[in-house]
Amino acid sequence: MATFRPTRVELDYPSRSCLLQHDDDKLFGTYPYVWLRDNCRCDKCFHPSSRGRRVLMVDLDPDIIPDVAEIDDQTLNIRWPDGHLSQFPLSWLKEMQFSNMREDPVSTPVRQFWGNEMHHKIPTFSFADILHNDKNLHDWIEALQVHGLALIKDAPHKEGAVLEIGKRISNLKMISFGETFQVLSKFEASNLFCTNAKLGLHTDLPYFAYSPNIQMLHCIKQASKGGENQFCDGYKVAEDIKHIDPEVFRILTTIPVDFREWGTDYKEYHYKHRSPIIQLLPNGRFKAISYNDQVRAPYIQIPVQDVYKVYRAIKIFNTELYKHENKIEIKMVEGDIVSFANQRVLHGRSSFTVTETNERHLECAYIDWDEACCRMRVIREKMLNQKPL
Ligand code: OGA
Ligand code: ZN
Ligand code: ZN
């Protein structure tokens, strides 16, 4: 029976690798020479408390070949031509098997696209659980990765709840409106969201090159009339368009549209950015949707002969967003926090009435995937008793 441990090491010159083998010649793993030299764990090459590599590329020779390699009990020992000794615990090499590398589930979530059926099954969490229970915090972020939409119930009916959630993850994303900002209807607002007007389906801040990833809207006071929110899975719509009309999909994924906003609320600001409405990763997966009629710029930096076809493509995209089967509507009650992947799930709001005794009030905040995924990994590693590599 092959033991877990390899017992022999062979220097394989054609592959420039150490082949670690069990007694019965079964291969345990292939470790390229240059990779071994780069990942020497000695104190000179690797700083143990910071876990930072001290070997710099400038000193690394990709053609390096060990002088001697041997296995003793629990360690692979390698003597390099300059006399340096590297010692690799076999248990560590096992985790580093190239053929068996684990994919990080947090970095590669499997998304589920949705339409109107989501109305009955929005993933729902309680504010207290998210605040006090790591598993709930993790599952909420996971729901945002998979579905892009989740509801948090029973938050206090006052400002500060989204800040508390932000602190559970790390920090909220700071923008010129502050860490959080209040969505209230103001007289002579310099921004449409600060009125009682209807807001069409949109993503927030498409005029940022690094648009916020996760958005939270906390309902502190709801309007008695109106003020419902609409949501639509932009990736589902984009996927549909890819099949229905590939030319429209090509236009939406390649021709950039300009977005801008300036104003004087808080600090004076003027943001602008241009990007295709549907942005793809090099592997074809969706990276982001940027779409917001309110702040679409009047200037479009494209050849004038492309303008008509861009408008036509946007119109087709927009028509899909508003189809009954693609969108849902909810009316938040006080204490609800709706959270969504801003660059995937478009959100809108119905107009509402404001009276002297009933002023609608939401608090809005953003947080980025880097922070949320970081928290998920830490929680998973604790729950599964895994050490990061
Ligand atoms: C916004 C927004 C939604 C609402 O402020 O960008 O979408 O319900 N608000 O007021
Ligand atoms: Zn070393
Ligand atoms: Zn918005």
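Q: In this predicted model, is His-347 buried or exposed?
A: The relative accessible area of His-347 is 4%. Buried means under 20%, whereas exposed means over 50%. His-347 therefore counts as buried.

Q: Which residues coordinate the zinc ion (ligand 3)?
A: The donor atoms lie at 2.1 Å from this ion. Along the chain, the donors follow the spacing H-x1-D-x142-H. The coordinating residues are His-202 (NE2), Asp-204 (OD) and His-347 (NE2).

Q: How many residues apart in sequence are the parts tied together by His-202 and His-347?
A: His-202 lies in strand β12 (residues 199-202), and it is buried, with a relative accessible area of 4%. His-347 lies in strand β21 (residues 345-349). The pair therefore ties together parts whose separation in sequence is 145 residues.

Q: Which residue has a polar side-chain atom 2.8 Å from an oxygen atom of ligand 1?
A: The residues around ligand 1 include His-202, Asp-204, Asn-229 and His-347. A polar side-chain atom of Asp-204 lies 3.1 Å from an oxygen atom of the ligand, and one of His-347 lies 3.0 Å from an oxygen atom of the ligand. The distance of 2.8 Å belongs to Asn-229.

Q: What arrangement do the 4 donor atoms form around the zinc ion (ligand 2)?
A: The donors are Cys-40 (SG), Cys-42 (SG), Cys-45 (SG) and His-84 (NE2), at 2.1 to 2.3 Å. The angles that they subtend run from 103 to 115 degrees. Four donors count as tetrahedral if all angles lie between 85 and 135 degrees. The arrangement is therefore tetrahedral.

Q: Why do the buried residues of helix α5 lie on the same side?
A: The buried residues of α5 (residues 161-169) are Ala-161, Val-162, Ile-165, Gly-166 and Ile-169. An α-helix has 3.6 residues a turn, so residues three or four places apart point the same way.

Q: Which residue caps the N-terminal end of helix α4?
A: Helix α4 (residues 134-146) has 13 residues and reaches 18 Å from its first C-alpha to its last, close to the 18 Å expected. Its buried residues include Leu-137, Trp-140, Ile-141 and Leu-144. At the N-terminal end, a side-chain oxygen lies 2.8 Å from the backbone nitrogen of Lys-135. That oxygen belongs to the capping residue, Asn-133.

Q: Which residue with a positive phi follows α4?
A: Most residues other than glycine have a negative phi. The residue in question has a phi near 80 degrees. It is a glycine, Gly-148.

Q: Where is Asp-73 found?
A: Asp-73 has a positive phi of about 45 degrees although it is not a glycine. At 52% relative accessibility, it counts as exposed. Its place is the loop between β6 (68-72) and β7 (75-79).

Q: What is the relative accessible area of Asn-385?
A: Asn-385 is in the segment after α9 (369-383). It has a positive phi of about 55 degrees although it is not a glycine. Asn-385 is exposed, and its relative accessible area is 71%.

How values were computed:
Residues numbered from 1 in each chain as written. Chains lettered and ligands numbered in written order. Predicted model: local features only at pLDDT ≥ 70, side-chain atom pairs only at ≥ 80, totals over all residues. Heavy atoms only, no water. Buried < 20%, exposed > 50% of the residue type's maximum accessible area, 1.4 Å probe, protein only. Helix = DSSP H or I, 4+ residues; strand = E, 2+ residues; numbered from the N terminus. Donors = N, O, S within 2.8 Å, 3.2 Å for Na, K, Ca; no water. Tetrahedral: all angles 85-135°; square planar, octahedral: opposite > 155°, others 65-115°. Expected span 1.5 Å × (residues − 1). Polar contact = N/O pair within 3.5 Å; in protein donor to acceptor, adjacent residues only side chain to side chain. Near = heavy atom within 4 Å.
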